[in-house]
Amino acid sequence: MNFSTPVRASRLNLSSLLADFTPNTHTWSRLKAALSVITLGGNLLWCMCVTSSLLSFFFFLQVECGDADLSDAEKVYAECSQKRPLPWEECILPQRMKQCVKIGEGTFGEVFSTTNTSGDTVALKIIPLEGTEQVNGEDQKTFGEILHEIIISKELSSLKEKQQNQTHGFIGLIDLHCVQGCYPADFLNAWDTFDQQKGSENDRPDFFEKDQLFIILEFEFGGIDLENSNGTLASLGVAKSILHQVTAALAVAEQELHFEHRDLHWGNVLVKTTKEKKGSFLLNGATNSLETKGVLVRIIDYSLSRLEIDDLTVSCDISKDEELFMGQGDYQFDIYRLMRQENGNNWSNYHPHTNVLWLHYLCSKLISMKYRGSGGRGAKDIRLELTRFYDNVLQYSSATEALEKCPLFQ
Ligand SMILES: Nc1ncnc2c1ncn2[C@@H]1O[C@H](COP(=O)(O)OP(=O)(O)OP(=O)(O)O)[C@@H](O)[C@H]1O
Ligand SMILES: [Mg+2]
């Protein structure tokens, strides 16, 4: 059974939105904050402009008005702190390429782990761009379409630094690159190893010509996704903590960004071990803590997600993507139809109950998993609590309300 997101045509509105959008100053500054690059260079200067004196403010306006005329390609290059695409080896040093291991795949991309210059393990999500050749049976993404994933990844990653609504529950975005060239041999070797060990549903990426463009999103390594955890977790306490961490992260993002994930299947929930006993988050200025039970959760994959930056909405119009709504054989596929029922097939408006639908689905997956722990009285009680959550959670209007009212989290 393939549990990944059913294929869909990409219908992102973002590119026209960015081009036609007549911003008020505040909104444009928030949008640019989302689009501003995390690394050094012009963007740092830009940030200083926004926050400093009146003189700088006029400078900022001048610069940003010019920016509104940028093409989607130029916007993506700017995000990558680049003027043009670079050769692969300028962005990923040869010794880092040699260490790479393929860890996952989706319709649009291949994901490899390697280490970065600080020695940390990172995940590189590599997505072909703008080519005419189909990849994995789908058209390649355009620059405009990839801006959607870039903006949302950056906004959610930066929730770990916010003053009022703060969470570490979304995967950290470390860097971005746009490269040009054939797929490097080291990545193809890693691709083959994955294919031999696990089997790949994707096309072997050996057919790209030397003018092919790719975007590389460098993320923090988030652990193993629930779908690939062999249906097994350490204990029911871990399951409860996972549900708590996901609910808290969604609640924080709802409050800060009117965020809906819209595709939170178990391949998009990563789990890694931690020695920290407590995790914390800020919801509307209030500090909250939760028990980690030895695991940290990271939410990934925002291809269908929706958020707002002031009055600018970033969303993906899937209203005409028949296939997405036709899946059968797992509750996951019902969720796409249930979301559509609730929003009347309008995908730009905010319906935080979609987050609750995904929590309901996740809870059913967690209940169905196996647990290595001995069980015993505690385990029985938690199973009962999870079942109650499953029976009751749909009545809440949002992840925020579920977090605040569900007995499971009190
Ligand atoms: N930061 C990360 N850390 C660890 N593993 C990751 C990370 N990002 C992605 N993966 C792995 O790669 C897989 C595919 O990644 P992702 O879901 O982002 O790709 P996708 O192409 O958007 O998939 P989909 O077809 O569901 O849209 C994940 O299920 C996960 O196993
Ligand atoms: Mg995915």
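Helices (H or I, at least four residues) and strands (E, at least two) are DSSP runs, numbered from the N terminus. The views below show a predicted model, in which local features need pLDDT of at least 70 and side-chain atom pairs count only at pLDDT 80 or more, while totals for chains, interfaces and linings use all residues. Residues are numbered from 1 along each chain as its sequence is written, and chains are lettered from A and ligands numbered from 1 in the order in which they are written.

**View 1. Overview of the protein chain.** The protein chain holds 14 helices and 15 strands. Of its 410 residues, 42% are buried. A residue is buried if 20 or more other C-beta atoms lie within 10 Å of its own, exposed if 12 or fewer, and partly exposed in between, with C-beta atoms placed from the backbone. Two residues are in contact if their C-beta atoms, placed from the backbone, lie within 7 Å. Among contacts in the protein chain between residues at least 6 apart in sequence, 73% join residues at least 24 apart.

**View 2. The largest nonpolar core.** A nonpolar core is a set of buried Ala, Val, Leu, Ile, Met, Phe, Trp, Tyr and Cys residues joined through C-beta atoms within 7 Å. The largest such core has 94 residues, of which I242, V246, V269, I299, L359 and L362 touch the most other members. Helix α10 (residues 236-257) makes the greatest contribution to this core, giving 13 residues. When neighbours within four places in sequence are left aside, L362 is in contact with L243, V246, L264, W266 and V269.

**View 3. Helix α8.** This helix consists of 15 residues (143-157), which should span 21 Å at 1.5 Å a residue; its end C-alpha atoms are 21 Å apart, in agreement with that value. The expected span of a helix is 1.5 Å times one less than its number of residues. Because 13 of the 15 residues of α8 are buried, the helix is largely enclosed by the rest of the structure.

**View 4. The surroundings of ligand 1.** Ligand 1 is surrounded by 24 residues, and the closest are G104, G106, V111, A123 and D301. Strands β2 (101-105) and β4 (121-129) are the elements that give two or more residues to this shell. The most come from β2, which gives three residues. A residue is near a molecule or strand if its C-beta atom, placed from the backbone, lies within 6 Å of it. By class, the shell has nine nonpolar, eleven polar and four charged residues. Here Ala, Val, Leu, Ile, Met, Phe, Trp, Tyr, Cys and Pro count as nonpolar, Asp, Glu, Lys and Arg as charged, and the others, Gly among them, as polar.

View 5. The feature "binding site" is placed at K125 by UniProt, in an unreviewed entry. UniProt positions are given in the numbering used here, feature names are shortened, and annotations may be inferred rather than shown by experiment. K125 is found in strand β4 and counts as buried, with 23 C-beta neighbours inside 10 Å. Leaving aside neighbours within four places in sequence, K125 is in contact with G109, V111, L217 and F219. G109 lies in the loop between β2 and β3 (110-115) and is also buried, with 25 other C-beta atoms within 10 Å. The two residues G109 and K125 are 16 residues apart in sequence and 6.4 Å apart in space, C-alpha to C-alpha. Not counting residues up to four places away in sequence, G109 touches K125, I126 and I127.

**View 6. Residues in loops with positive phi.** S81 has a positive phi of about 55° although it is not a glycine. S81 is found in the loop between α5 (72-79) and β1 (86-87) and counts as partly exposed, with 17 C-beta neighbours inside 10 Å. N230, likewise not a glycine, has a positive phi of about 55°. N230 lies in the loop between β7 (224-225) and β8 (232-233) and counts as exposed, with 9 C-beta neighbours inside 10 Å.

**View 7. Helix α9 and residue D195.** D195 has its place in helix α9 (residues 185-197). With 15 other C-beta atoms within 10 Å, D195 is partly exposed. D195 and K102 are 93 residues apart in sequence and 9.2 Å apart in space, C-alpha to C-alpha.
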